[in-house]
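User: I am new to this model and would like a close look at its aromatic rings. Please take me through them in one connected answer.

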Amino acid sequence: MVRKASRGVRKYKLKHKPRKRTHHQPRPTRTIMTRSQANISGSFFDRLPAEVFDMILEKLSVMELSVFSMVSKDITRYIVDHISTLAWKNKRIIQNFHNFTCIEQRCTVGHYRDLGLLFKRCTLLLPTKDRLKFIFCRLSEIPCFLFGQCLEPDCIGFDCYGVFLQALIAGWDELECHRVFNFLCDLTNLMPKIDAVITGKPGVRCYQKLQLRLFCRRVLLDPWLNQPDCQFWLMQLLKPWPMVSQAQLLFMLYGPLLPEGTLGLQDLVERGLPRSALWDLARAILMLFGQLEVKSQTTYPLLTILEELFVVPQPWHVESVARLLVLCGSKLCYSVLASKAINGQLPEICRLIVFIILVCEKDGYHMSWAVKLVQQICKVFSTAPERFSFIHHLENMFAEVTREFFESSVTGNPLENRETFQTLCILLDSSARFHTKFLHMFLIQG
């Protein structure tokens with residue numbers, strides 16, 4: 001007997017319905033397109049109206065424009081056209097460089113650094129000559145970038161010009177930098193101006209000398225933080241001239257300045273200048289000396305330049321010469337004194353050493369440095385009688401210089417007498433310290 005299914009239970013049958021065959025569309029694959037492929041198909045900015053794209057570019061800062069210019073060649077071309085307009089030039093290329101606060105000065109200098117980077121990136125594919133023409137034709141009409149056009153003492157035009165140039169050519173090879181230097185010389189008529197100044201009589205063309213100093217220092221030399229870069233530009237300025245003129249140019253660029261902005265020629269002759277007044281000149285000499293060492297060249301040209309420098313415009317006060325040599329360090333100081341020793345200039349060496357010892361005492365250098373220097377000079381002399389003659393001359397020179405200071409302190413102006421007497425006391429102290437170290441050295445050796 002078949003049992004009937006209860007009313008509450010439903011019967012289910014598993015039916016396999018045939019699936020409809022459908023043709024699936026393949027999923028789109030992502031492909032990486034090169035710039036050239038993208039340019040063929042047309043970029044987003046190609047589809048924008050020119051007026052709208054100009055409005056976008058107008059909203060970007062100088063730094064943002066320089067970054068945007070690296071997207072593609074088409075974008076670079078658009079940006080070059082945009083920054084070539086008179087409206088953009090009037091808005092972005094600042095031409096007022098006077099009466100700024102410190103914060104405003106930093107902002108303006110930073111703005112010109114960004115401009116240099118923008119022009120560098122926009123002209124990346126052009127030959128060097130075309131790049132320079134395109135760039136500097138936009139700056140050549142700024143009065144504060146030109147010689148003799150700005151008389152304001154607080155003008156920062158040359159500072160902005162310098163950081164612009166530094167940002168523009170940073171990373172360029174030496175051949176391209178040579179082309180830049182030649183281009184700037186032609187643009188500014190630099191070499192004839194230098195020739196007119198260094199061949200003129202001392203004390204004349206003071207304003208032209210100051211203008212040349214400011215332009216060369218602030219535009220070509222000081223913006224470079226790396227010493228090799230500064231060495232390159234300094235050598236380009238000095239190389240065309242004979243050694244006498246190189247010494248005059250070096251003094252014009254780095255010599256001490258008086259508070260009113262003129263070169264302190266007379267002070268160098270009449271008295272010993274302080275360390276701060278001679279530091280820039282010492283730094284420039286060290287740059288030249290360092291380049292000669294790197295290239296393994298002889299130091300004779302530099303020593304000749306120094307000999308000429310010490311008589312610009314007249315023979316310097318011995319204390320100024322001694323202080324400059326101390327600032328230049330042991331190697332260069334020894335090279336100068338050893339050269340004089342070889343040439344038989346014994347009295348001059350001894351007088352210079354006495355003032356070097358005086359400078360060490362005045363400026364707080366260790367007296368052992370001067371003792372080692374004298375010991376090295378002794379080794380220049382090949383025989384014992386020559387060494388004894390050197391020491392004998394040195395001791396006599398101590399007595400002579402001491403006598404000169406004493407005689408000067410008891411005659412003449414009371415104020416000058418007081419300073420001279422103070423120097424005499426310092427000289428006596430320095431002599432005592434030097435001879436203590438000197439004798440101690442011999443006792444140790446014995």
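Analyst: R275 lies over the face of W279, at 5.6 Å from the ring centre, where a charge counts as sitting over a ring if NZ of Lys or CZ of Arg is within 6 Å of the ring centre and within 35 degrees of the ring normal. The charged end of R138 likewise sits over the ring of F134, 3.7 Å from its centre. This is a predicted model, in which local features need pLDDT of at least 70 and side-chain atom pairs count only at pLDDT 80 or more, while totals for chains, interfaces and linings use all residues. Residues are numbered from 1 along each chain as its sequence is written, and side-chain values use heavy atoms, with hydrogens and water left out.

Rings of Phe, Tyr and Trp (its six-membered ring) pair if their centres lie within 6.5 Å, with planes under 30 degrees apart counted as stacked, over 60 as edge-to-face and the rest as tilted. By this rule there are 23 aromatic pairs. One of them joins F136 and Y161, a tilted pair at 6.2 Å centre to centre with 55 degrees between the planes. F136 belongs to helix α7 (residues 128–136) and Y161 to helix α8 (residues 157–169), so this pair ties together parts 25 residues apart in sequence; helices here are DSSP runs (H or I, at least four residues), numbered from the N terminus. Both F136 and Y161 are buried, meaning under 20% relative accessible area with a 1.4 Å probe and protein chains only.

The rings of F145 and Y161 have centres 4.6 Å apart and planes at 10 degrees, so that pair is stacked. Because F145 lies in the loop between α7 and α8 and Y161 in helix α8, the pair ties together parts 16 residues apart in sequence. Both F145 and Y161 are buried. Ring pairs link F136, F145 and Y161 into a cluster whose members also include F134, the residue whose ring lies under the charged end of R138.

Methods: Helices (H or I, at least four residues) and strands (E, at least two) are DSSP runs, numbered from the N terminus. Buried means under 20% relative accessible area, exposed over 50%, partly exposed in between (1.4 Å probe, protein chains only).
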